[in-house]
Structure formats: structure tokens, C-alpha cells
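These are my notebook entries on one protein chain. I wrote down what I looked up, in the order in which I looked.

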Amino acid sequence: AQKPNSPVLSKYGGRFTVTMIPGDGIGPELMGYVQEIFRYAGVPVNFEVIPLDFNHIEESHFKNAVIAIKRNGVAIKGSIESKYGEHADAVSRNVSLRTELDLFANVLHCKSYPSVRSRYKDIDIIIIRQNTEGEYSMLEHENVTGVVESMKIITRKASERLARYAFEYAKKHNRSKITCIHKANIMKIGDGLFLSSCREVSKDYPDIKFEDMIVDNTCMQLVARPQQFDVMLTPNLYGTVISNVICGLVGGAGLLSGRNYGDKFAVFEPGTRNTGTAIAGRNIANPVAMLNASCDLLEHLELENHANLIRSAIEQTLNEDQIQTSDIGGQSTSIDFVQNPSHRYGFFVQV
Ligand code: NAI
């Protein structure tokens, strides 16, 4: 069997082929920057661009995207609009994609940028979130008018698999503590199983401290004293809430990337996964989160030199040259950022 995260990749003539799903909102413009920067940095990657968005939402579009990712092994993705309220879609294509590809782990490294104005300067937290079950099982029905049942699925198998992944991750990255987040005081059986599965796995890792915390207290602790957390291990829905709280503390939706891993495939995207539809096409979206996702992708392809080149350009542009978009308090545009002419490695893109 494949080791988790060992890339199954398509590579011909020294170049990788990677699926690109621009999605909705700001996704397409951000993907344009990634393509230009890769070209400029001489990255040996060809993109296979697949439309899967609000206007390409049929089963056939979805199947094409799945087949492309299975063929290439890896993808970079924007978010697909998922309507709610009166015009609700039956399913979220974002969620179906993760389930179909068995991308069981979502990993977010939440680290403060020294130059970005934010409440704390010293956040360094890894969130490892269950990515395929829990409240995202999309099993809802209204048997009797006015009474809805919404199923949250927690399995021992998926919980143990995620916990094992988290402890291995912590060991590999020299992290010393894992906090399991849950609501087992109310969902005693479901969240209880998640917690007991994680605790069971923790026994195999005596060098890593294991703690647990109820999700509501966690949100309060995060806002008041986030430095106490090292690695957070969470079920699906609490994971997205916590990710958004921490992204907010670090500087908002425009900075951090998120990684989705299964045993065979990997998908890279901005950490908070929203579409940013209201700011699309206005040259104000922060490109950093998607550029960080593109660097995660390069690391996955073991193209470390290219990843380092682009990461150092991001850091210099943000921290030294202080070219910052308005979401983090700056006055620069998206294009000012990606065309920063002063970067010594030529982080300069003709858009
Ligand atoms: P949103 O798209 O309105 O974004 C939230 C806030 O962050 C907005 O103020 C937006 O302007 C800002 N923002 C996001 N990216 C930014 C960037 N790069 N630069 C500067 N500002 C940025 O979020 P909302 O309303 O939560 O979601 C909109 C859509 O995204 C919905 O269709 C929803 O289903 C989808 N979504 C998808 C998720 C997924 O798992 N893929 C998760 C969350 C939302």
C-alpha cells in the first residue's frame, strides 16, 4: 500500500502535469497569477485547467475534474460557489470532491507574518482536520414537514486514521503537543468516539503530549491566548470554525493556504476556502493565500528550489517592501503585489 502523501504523479519529459480548478469568485484571477509566476520562475509544471464552477456544475463537469485529478495525482483549486437558502444546491461540489478522492486530512499551518498588523505576532499552530465525514456527510432529510434530520457521521476508522496522521505529522515536524477538539460533553457518543479514538492512538506516541478541549472553550482560548496551542486535531465542522478564527487572528482569509491529503491524491487551496465573490475582478484580492497554496504544491512535487524562490519573494514583498493589499491594511492592488519589481529574484510578472 502507498504511504500517505507519497505522490502519485504524472511526469512526462521532466515536467509535471497538475490539475487546476480555478472555481468561482477570485479563484480565476488568482490562478492567473500562479500561472504567470510559475512561467516566470521556470517551474516545470503544465496545468490542465478544468472548469468546475457555478456555470459548470453538472455531473459531467464533476466527473471530468475527478478523472483529471486521479490521472495527475495532484491539483490546485479555488472554491466553488455553494448556494444556500431558497436556491440551495443539492450538494457541495467542494465536499464531494474531497470525499470522492478520499482526502481525509486537511492541514493548515497558521503562522503569523511579522509585518502584517494583527492582534498577535507569535501564532504558530498546525490544524489537522477530519475532511470527509462528520457534519459534512450531506445526509439531510425532511421526513415530516418542518422536521429536518441532519446526520453527522463519526467512524472509529476515520478518526483513528486522522489521529495517526496527526501524530506522525507532529513527530516529523518536531511538535510536542496535540490538542483534540470536541464537544463530547453534549455529543457523547459521536464526539466521544472521535476523542476516544484519538486518545487510543496517542498511547503509541508517549513523547507527544496529548490533551483535549471542548470546542467552545477552544474558541475563547484562541482569541485570548493562542500561543498555548501547538497541533490541533479536530472533527470536520469544528475544524473549519477554528481555522477561520485563527486565520482572522493572523490577518484574514487572504494569507494562509490549506492542504488536503489522502493516501493517493493531494489538493492545495487557500486555507479558508471561500470564494471572495464580492471582491472578484476588482484587483484587490490578496494573492498570498493562493501563492502559498502553489508553494505547498511545489513542495509536494519535491520542487523545493522553486517553492523556496516563490516563498522568499512573497515574504520580501509582504515584510520588507510592505506591498500589502487592503484586507491587511495596505493600499496596494493585487497586481502591485505580483509585479513587485524590487524583488531580487525577479518576482515580476507581466499580467
Ligand atoms: P466570502 O467569499 O464572502 O469571504 C469572506 C471574507 O473574506 C470576505 O470579506 C472576502 O472579501 C474576504 N476574502 C476572501 N478571500 C480574500 C482574499 N484573497 N483577499 C482579500 N479578502 C478575501 O466567504 P463566505 O460568504 O463564507 O463564502 C462564500 C462562498 O464560499 C459560499 O458559496 C460558500 O459555500 C463557499 N465556501 C466554500 C468553502 C469550501 O469548503 N470550499 C468553505 C467556506 C465557504
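**Entry 1. Helices α4 and α5**

I looked up how α4 and α5 lie relative to each other, and they are oblique. The term covers what remains once angles under 35 degrees are called roughly parallel, over 145 roughly antiparallel, and 65 to 115 roughly perpendicular. The axes of α4 (residues 156-172) and α5 (residues 190-202) cross at roughly 45° and come within 8 Å. Such axes are lines fitted to C-alpha atoms, for helices over the stretch in contact, and the angles run from 0 to 180 degrees between N-to-C directions. I noted that helices (H or I, at least four residues) and strands (E, at least two) are DSSP runs, numbered from the N terminus.

The crossing of α4 and α5 is right-handed. A crossing has this hand if the near helix is turned clockwise from the far one by less than a right angle, and is left-handed if anticlockwise.

I then listed the residues that make the contact: Arg156, Ser159, Glu160, Ala163, Arg164 and Phe167 belong to α4, while Leu193, Phe194, Ser197, Cys198, Val201 and Ser202 belong to α5. Two residues are in contact if their C-beta atoms, placed from the backbone, lie within 7 Å. Sorted by class, the contact of α4 with α5 has 6 nonpolar, 3 polar and 3 charged residues. In this sorting, Ala, Val, Leu, Ile, Met, Phe, Trp, Tyr, Cys and Pro count as nonpolar, Asp, Glu, Lys and Arg as charged, and the others, Gly among them, as polar.

I recorded two conventions here. The model is predicted: local features need pLDDT of at least 70 and side-chain atom pairs count only at pLDDT 80 or more, whereas totals for chains, interfaces and linings use all residues. Residues are numbered from 1 along each chain as its sequence is written.

**Entry 2. Helices α6 and α7**

I turned to α6 (residues 215-224) and α7 (residues 236-250), which pack at an angle of about 10° with their axes 10 Å apart. The two helices are therefore roughly parallel to each other. Val215, Thr218, Cys219, Leu222 and Val223 of α6 meet Tyr238, Ile242, Val245 and Ile246 of α7. The residues of this contact divide into 8 nonpolar, 1 polar and no charged.

**Entry 3. Helices α8 and α9**

Are α8 and α9 roughly parallel or roughly antiparallel? I found that α8 (residues 288-300) and α9 (residues 304-320) pack at an angle of about 160°, their axes being 8 Å apart. This makes α8 roughly antiparallel to α9. Their crossing is left-handed. From α8, the contact includes Val288, Leu291 and Leu298, and from α9 it includes Ala307, Ile310 and Ile314. I counted by class for α8 with α9 as well: 8 nonpolar, 3 polar and 3 charged.

Most residues other than glycine have a negative phi.

Asp102 has a positive phi of about 55° although it is not a glycine. This residue is in the loop between α3 (93-100) and β5 (105-111). Asp102 counts as partly exposed because it has 14 C-beta neighbours inside 10 Å. The scale is this: a residue is buried if 20 or more other C-beta atoms, placed from the backbone, lie within 10 Å of its own, exposed if 12 or fewer, and partly exposed in between.

Met138 also has a positive phi, near 55°. I located Met138 in the loop between β6 (124-130) and β7 (140-144). With 13 other C-beta atoms within 10 Å, Met138 is partly exposed.

Gly14 lies in the loop between β1 (11-12) and β2 (15-21). Is Gly14 buried or exposed? Gly14 counts as exposed, because I find 6 C-beta neighbours inside 10 Å.

Ala68 belongs to helix α2 (residues 59-72). Leaving out residues up to four places away in sequence, Ala68 touches Thr19, Glu48 and Ile50. Ala68 is partly exposed, with 19 other C-beta atoms within 10 Å.

**Entry 4. The whole chain**

Lastly, I recorded that the protein chain has 10 helices and 13 strands. Of its 351 residues, 45% count as buried. The C-alpha trace spans about 55 × 45 × 45 Å along its principal axes.
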